Amino acid sequence: MELFSDRFPRESWYALTRAAALRRGRSVAVDALGLRLLVAREDTGRVRVLERICPHMGAELPVGRLRSGRIVCPFHGWSFALDGSCAAIPYAERIPATARIRSFPAEEHYGWVWMYTGDSPTHKLPDLSEYGAPGCVARHSSIRLRAHMNQVLENAADPPHMSTVHRAPVLGSRVDEIREIDVQDALEISVDYDMAFPWKRRSTRVRVTSRLVGASVIVGTLEHDGALGMRFVAAPLPISARETLLHQTIVRPRRLPRALGWLEAPLVSAFAQMVWHQTRADRRVWAGQDLERPRVLLPCEAPVARIQRHIARHL
Ligand code: FES
Ligand SMILES: [Fe+2]
């Protein structure tokens with residue numbers, strides 16, 4: 001199926017690495033999206049993403065400490081600024097215009113360094129006002145999957161697997177709303193679940209809203225009976241057509257009274273553990289899924305097809 005090929009969505013954002021781990025004047029290597037990438041932080045703090053290949057004769061560029069803010073190729077010593085331009089050639093005065101490392105738009109959001117696969121972004125990642133706000137607790141995690149990134153994305157519009165794979169106590173579910181959000185080139189899907197938790201007398205309405213931004217990131221919200229439970233970001237990074245590194249952030253706003261504030265961090269850690277556990281349950285199914293053969297989707301599974309159409313527009 002074309003949707004699960006080694007072509008990945010263009011004009012989209014991808015989380016590459018944890019922002020906190022990238023120090024000023026340093027770079028790290030990331031191999032993803034069929035590219036050998038270098039993620040670097042300038043002395044000013046700005047992040048940059050470039051290909052890790054010298055435009056001169058294709059040598060691999062070094063990773064680690066920058067040399068006076070520059071990348072110096074180990075083969076013939078050409079040096080490059082972090083915008084990709086060639087700053088100096090030790091044995092020539094004239095620098096050819098084509099002597100540029102390919103670079104990509106780069107930004108920091110929700111604790112990750114992101115790259116955009118296009119020349120200039122057509123849309124932004126949404127702000128998560130809770131992230132970094134006082135009292136909010138965030139957790140980050142990464143998990144390696146034997147899966148195509150689109151298996152992760154279409155999971156957001158698949159309510160029937162909640163009771164089987166995730167063993168959620170679902171009494172009923174319905175896809176409540178699907179809408180397009182032009183400013184973020186996004187498709188937003190809201191699903192309402194009626195859940196019976198054993199410790200509650202009445203059933204709980206859980207609403208999960210997943211916004212597929214571009215065709216590579218889900219920024220979502222989980223509400224219990226109308227109250228915000230957490231926000232989450234799921235950013236699958238394709239290593240290959242059958243291998244994905246899933247980066248996730250969850251953010252829980254302060255909910256407890258001040259006297260119980262010390263419980264916020266352990267609670268969000270427990271929540272993060274639960275998300276981790278549930279992702280591993282998905283992972284077992286994804287690893288064995290045959291992606292080559294045509295599918296039989298029911299009318300009630302139209303949201304899955306809708307997500308697929310949205311992704312296909314970006315391939
Ligand atoms: S290949 Fe990089 S300087 Fe020659
Ligand atoms: Fe799932």
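**Entry 1: D225**

I began with D225, which counts as exposed because it has 12 C-beta neighbours inside 10 Å. The cut-offs I used are these: a residue is buried with 20 or more other C-beta atoms within 10 Å of its own, exposed with 12 or fewer, and partly exposed in between, the C-beta atoms being placed from the backbone. D225 sits in the loop between β15 (217–224) and β16 (227–240). Its phi is positive, about 45°, although D225 is not a glycine.

I note here that this is a predicted model, in which local features need pLDDT of at least 70 and side-chain atom pairs count only at pLDDT 80 or more, while totals for chains, interfaces and linings use all residues. Residues are numbered from 1 along each chain as its sequence is written, and chains are lettered from A and ligands numbered from 1 in the order in which they are written.

**Entry 2: D185**

I looked up D185 next. Its phi is near 45°, a positive value in a residue other than glycine. D185 lies in the loop between β12 (170–181) and β13 (186–195). Is D185 buried or exposed? It counts as buried, because 20 C-beta neighbours lie inside 10 Å.

**Entry 3: the whole chain**

I counted secondary structure and found four helices and 17 strands. Helices (H or I, at least four residues) and strands (E, at least two) are DSSP runs, numbered from the N terminus.

Along its principal axes the C-alpha trace spans about 80 × 55 × 35 Å. Of the 315 residues, 33% count as buried.

For contacts I required the C-beta atoms of two residues, placed from the backbone, to lie within 7 Å. Among contacts with a separation of 6 or more, 56% come from residues 24 or more positions apart.

**Entry 4: domains**

The chain divides into domain 1 (21–110) and domain 2 (137–312); such bounds come from an automatic or database domain assignment. The C-alpha centres of the two domains lie 35 Å apart. Four residues of domain 1 are in contact with five residues of domain 2. On the domain 1 side, the touching residues are three nonpolar, no polar and one charged. In this count Ala, Val, Leu, Ile, Met, Phe, Trp, Tyr, Cys and Pro are nonpolar, Asp, Glu, Lys and Arg are charged, and the others, Gly among them, are polar.

**Entry 5: the core**

I looked for nonpolar cores, meaning sets of buried Ala, Val, Leu, Ile, Met, Phe, Trp, Tyr and Cys residues joined through C-beta atoms within 7 Å. The largest has 70 residues, and Y14, L16, W114 and L212 have the most contacts inside it. β16 gives the most to this core, with six residues. The core draws at least three residues from each of domain 1 (21–110) and domain 2 (137–312).

Which residues does Y14 touch, leaving aside its neighbours within four places in sequence? I listed L33, W114, M115, T117, S216, A235 and L237.

**Entry 6**

I followed the pairing here, where two strands pair if DSSP finds at least two bridges between them. β2 (residues 27–32) and β3 (residues 35–41) pair in the antiparallel sense over six bridges. V28 stands opposite V39, and A29 stands opposite L38. Their hairpin has two residues between the strands, and L33 takes a positive phi near 55° there.

β3 also pairs with β4 (residues 47–51), again antiparallel, over five bridges. L38 stands opposite L50 in β4. This hairpin has five residues between the strands, and G45 takes a positive phi near 105°. Five of the seven residues of β3 are buried, so β3 is largely enclosed by the rest of the structure.

A272 is in helix α3 (residues 264–288). A272 counts as buried because it has 21 C-beta neighbours inside 10 Å. Beyond its neighbours within four places in sequence, A272 is in contact with R139, S141 and I250.

L228 is in strand β16 and is partly exposed, with 14 other C-beta atoms within 10 Å. Outside four places in sequence, L228 is in contact with T221, E223 and P253. The C-alpha atoms of L228 and R255 are separated by 9.0 Å, at 27 residues apart along the chain.
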